[in-house]
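I opened the model to look up a few residues and the domain layout. My entries follow in the order I made them.

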Amino acid sequence: MFDWEDLRHFSAFSSAGSLSAAAKTLGVDHATVARRIASLEASLQLKLVDRRPRAYALTHEGQRVAELAEQMAMSSFALEHFASAGQQTVEGEVVLSAPPALLGSIIARRLGELYQRYPQLRLKLVGSKSKASLVRREADISIALARPTEPTLVVSLLGHLDYRLYASPGYLASATVRRYIGYDESQARSPQQQWLNLQAGQQPFALHSNDLRIQAQACAGGIGIACLPAFMAQEHGLKEAGSAQQTMSIEIWLAVHEDVRATPRIKAVTDFLQQQVRPLLRL
């Protein structure tokens, strides 16, 4: 009989694609993941991975075991969903995944009222630029910049977040050359960066960062023009640097798994998000 922990580590590896990524997900070191995979191979008497110089690759047997492990994980999550749906009080942990800028600038600073109402509630806020999987329980609730497509999710459009060009008052008063601040190559295909590239044309970029908050802070420091949502520009005392027509918007989606949407602690948080986030967006 194999060790369930061995299977969990192997499943994390097969999903993440590398030892280091699996280790980060599980909160262990990569040697532990490698040891657990070896232990599972010994228990099953199957070779699950090819050990190459720079990476592990799944064998045919490994791919099949990964598929079975995923099915087992889904069954486990379904059981957890079923059990939690029967709860009657607002207590316990809720994991919320959302873009870091929304978590920091909108959600986190408005949590006082939620905790006053539900003191037994515990939140885990996960800043993520990509969509967390609610099916695999990477989060209980997700706010995403694109519509989630997993069939077991209940999704709703919170609204549209408008972006404009902003700069510090000092920069607008003294700059002779327009320079820009944008995302790095990891977010080069994001709608915001593609729109900003069109606005910048042949003008240079002074700074690239994968974190919108850093972009806003650099913009406040007077080094260039950034593409930001209004709430973030207001935080840093920035002024519009473009015309009224220079606006782009993205959709903001709220998602929760259909099996837990009526669970009291989940519903309390989704109701809070509807009340606190939706008014700040354009419908």
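I started with glutamine 192, which I found in helix H8 (residues 191-200); helices are DSSP runs of H or I, at least four residues, numbered from the N terminus. The model is predicted: local features need pLDDT of at least 70, side-chain atom pairs count only at pLDDT 80 or more, and totals for chains, interfaces and linings use all residues. Residues are numbered from 1 along each chain as its sequence is written, and side-chain values use heavy atoms, with hydrogens and water left out.

I noted glutamine 192 as buried because its relative accessibility is 6% (buried is under 20% relative accessible area, exposed over 50%, partly exposed in between; 1.4 Å probe, protein chains only). Leaving out residues up to four places away in sequence, I listed its contacts as Leu145, Tyr163, Tyr183, Cys227, Met248 and Ile250 (contact means heavy atoms within 4.5 Å).

Next I checked methionine 1, in the segment before helix H1 (4-16). Methionine 1 has a relative accessible area of 84%, so I logged this residue as exposed.

I then looked up the domains. The assignment, which is automatic or from a database, gives domain 1 (4-84), domain 2 (92-159 + 251-280) and domain 3 (161-249). I read 28 Å between the C-alpha centres of domain 1 and domain 2.

Last, I checked UniProt, where an unreviewed entry annotates residues 2-59 as "domain: HTH lysR-type"; such annotations may be inferred rather than shown by experiment. For residues 2-59 I noted 62% helix and 10% strand, with the end C-alpha atoms 19 Å apart (strands are DSSP runs of E, at least two residues).
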